[in-house]
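User: I would like to learn how to read a few features of a model. Please take them one at a time.

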Amino acid sequence: MKKYALILAAVFLTLSCSKKTSSGPPNPPEPPDPPPVQEVVYDETGCLFKSYNGLVMAGYQGWFAAEGDASERGWYHFQNGSCGGFKPGCSTIDFWPDMTEYTKTYPSPFQFANGTNAKLYSPYDEETIDLHFKWMQQYGLDGVFMQRFVGEIKNTNPKGKRHFNKVLENALKAAKKYSRAICVMYDLSGCSPEDVAYLEQDWNELQTLFKLFDNVQNPTYLRHNKKPLVVIWGVGFNDNRKYTISDVDKLVDKIKGPTKKVSVMLGVPYFWRTLKNDTENSTTLHTLIKKTDVIMPWAVGRYSNDNYTNVAGAELAGDIQWCATNKVDYVPLVFPGFSWGNLRNDPSLYNSIPRLKGDFLWKQVAGAKLSGAKSLYVAMFDEIDEGTAIYKCAREGELPLHADKRFVGIDADLPSDHYLWLTGQAVKWFHGEGTYNSTRPVR
Amino acid sequence: MKKLSYILLISALAASSCKKDNYDGPTAGLSGNFFDVATKALVEQDIIRGTQIEIQEKGYVVPQYLIVKNDGTYSNTLLFAATYTVKPIRTNFIALEAQEVTLNGQTTLDFNVTPYIRVTNASIVKSGTKVIATFKLQQNVINNVNKIGLYAHEDFRVGEPMRQAETERDLNAVSDPNATYTLEMDIPTKDQLKTGKSYYFRIGARIDIGEARFNYAPTVKIDL
């Protein structure tokens, strides 16, 4: 028994002192690899936009509705629930569209100082969206990303879904007519994890309903890396969203699928690379980004004219380097300014990020270009709630009355199309035309 | 007898687990170069208050910091073999991602970087009682260059943090790639510089980004 104990102890000692060795039975043979899945190949004959590279595109909200239009949504996105609707003294919008060229208009609850009614448009109307795309062609903007808020297009919100489908239908038609790039952009703001999963269903519906991937039906639908592009905006933000990076990761896997049906652009927070400030501190965001094709960090409100270079210089350079290393395309965002005094019922927020006649927008255009960006995302074409719109807006001195509030206008010494024109100059620079530098071009 | 075997087992355990320290000493190391990704030249640094390499051993909370030599090389030969997260910090080049590196013996790790500023066409010559530096600046980010300087020291590790004399100018602007910048140092006005001795001179420029460090042209030795 003593001998037995000694042997045991010796074995134990050997075990505890020896380095790990790979003894034991040989591994069973590996199962054969499954046959490789063939990637889907699309016919791109006749497609006008085969890559986002080299393009300047804007976001298109299209979420407004006018009382009396066929959407039956009242003054949707003009009305402000916090102050009682859409009337003098209460609105969501700070800017007022320049209505001169619209053929279909609706009387609004607002008047000009001379007593005439201030009219508005509805993107539910085909002729209105036609006009917007006509402008895009006229000023050279390559195209737009059609915003699709997942909370708005659920089956529990039939009017919302009808609205966004009609706006998309109008836009697809106009994009084809005016040869402008168009792409669907989902916004996950306010989503539950179930809503994130629902996106796949909606996306499949759209493909069928509008023949999105048909190169003859939709020759201007944006493609990237030889696949139609779809955007998912809103992942990695640290503002206590109900859905997680993992929810979006699963969604990306599904909509790409084993055959890589689409290319995906992700809308991410501004500090996505360093995982600080507006960004969730989780490297799973980087894992997700590496699965996708393009990223666009959300820069609205992250800087103003005064601190742009300080904030954006190092971020742009670091971001572009990271994306080149990891083979993901990178699109910086530029915006003309920011104003949401009426939306927030706080007059101190009028022009909270001043436009400075376009100096601020051009500083970002030049900053992106000189840092090596190949394309731009302009926020936004028609966003007048937050005052980032580049389309034609009414000028100071030509605005409706707003009781104890006010509207914000384009500077009186500028034409109402100033920001469309300036964006057109940015397009030329990114297309490699003309001679531009960090000084804002003069018309 | 059963009792005895227990005793034996416990002593065996004790013998195997109670050695004072059965780890090897720090036999691993990490060394390498910072290369300019475009020119392939070494990216000059500062040995004092310059770029450092933060290395964090897996499972340890406290990171270690490796210094980088003026010439853009670094070497630490006394590290424990382990897997580390490695990231250069407080750099004079566009930020790099952290990377995992397993040290097994002496390991080489080079960094290919884009310096914030390239100081090009640099010339430092003595002319009469003056030392005159001329150079161009090629910046790779859109930020302002906030300062340019000519630094002198009797030690070859001269730089902005280590100088006996300097001539500096605040630019606070984006540099002009076509301009030739000139900095002059009038020797008689610099108390710490003695004629008849040799000194090292170096041209530097700093970008206006957070904790960014100076970028330099190579050092030049001049007999005063």
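Contacts and overall make-up

Analyst: In chain A, 73% of the contacts between residues at least 6 apart in sequence join residues at least 24 apart; two residues are in contact if their C-beta atoms, placed from the backbone, lie within 7 Å. This is a predicted model, in which local features need pLDDT of at least 70 and side-chain atom pairs count only at pLDDT 80 or more, while totals for chains, interfaces and linings use all residues. Residues are numbered from 1 along each chain as its sequence is written, and chains are lettered from A and ligands numbered from 1 in the order in which they are written.

User: How many helices and strands are there in chain A?

Analyst: Helices (H or I, at least four residues) and strands (E, at least two) are DSSP runs, numbered from the N terminus. Chain A has nine helices and 12 strands. Its C-alpha trace spans about 115 × 50 × 45 Å along the principal axes.

User: What percentage of the residues in chain A is buried?

Analyst: A residue is buried if 20 or more other C-beta atoms lie within 10 Å of its own, exposed if 12 or fewer, and partly exposed in between, with C-beta atoms placed from the backbone. Of the 443 residues in chain A, 46% are buried.

User: Which residues touch the most other members of the largest nonpolar core?

Analyst: In soluble globular proteins, nonpolar side chains tend to be buried together. A nonpolar core is a set of buried Ala, Val, Leu, Ile, Met, Phe, Trp, Tyr and Cys residues joined through C-beta atoms within 7 Å. The largest one here has 172 residues, and those touching the most other members are Met146(A), Ala171(A), Ile182(A), Cys183(A), Val231(A), Ile232(A) and Leu376(A). Leaving aside residues up to four places away in sequence, the contacts of Ile232(A) include Tyr186(A), Leu188(A), Val248(A) and Leu251(A).

User: Which residues of helix α6 of chain A are buried?

Analyst: In α6 (residues 284-291) of chain A, the buried residues are Leu285(A), Leu288(A) and Ile289(A). Viewed down the axis of α6(A), they fall within an arc of 100°, so they line one face of the helix; the arc is that of the directions from the helix axis to the C-beta atoms. Thr287(A) and Lys290(A), on the other side of α6(A), are exposed. The cover over the buried residues of α6(A) includes α5 (245-256), β8 (263-269) and β9 (294-298) of chain A.

User: What is the strand order of the open sheet in chain B?

Analyst: Strands of a sheet pair through backbone hydrogen bonds, either parallel or antiparallel. Two strands pair if DSSP finds at least two bridges between them. The four strands of this open sheet in chain B run in the order β3-β2-β5-β6, with antiparallel pairing. At the edges stand β3 (64-67) and β6 (99-102) of chain B, each with a single partner strand, so one side of each has no neighbour in the sheet. Strands β2 (residues 52-57) and β5 (residues 83-89) of chain B are joined by six bridges, and Ile55(B) stands opposite Val86(B) in β5(B).

User: Where is Met380(A) found, and which residue has a phi near 70°?

Analyst: Most residues other than glycine have a negative phi, and most peptide bonds are trans. The bond from Ala379(A) to Met380(A) is cis, with omega near -10°, and Met380(A) is in the loop between β12 (376-378) and α9 (418-431) of chain A. His77(A) has the phi near 70°, a positive value in a residue other than glycine. His77(A) lies in the loop between β1 (56-60) and β2 (106-111) of chain A and is buried, with 20 other C-beta atoms within 10 Å.
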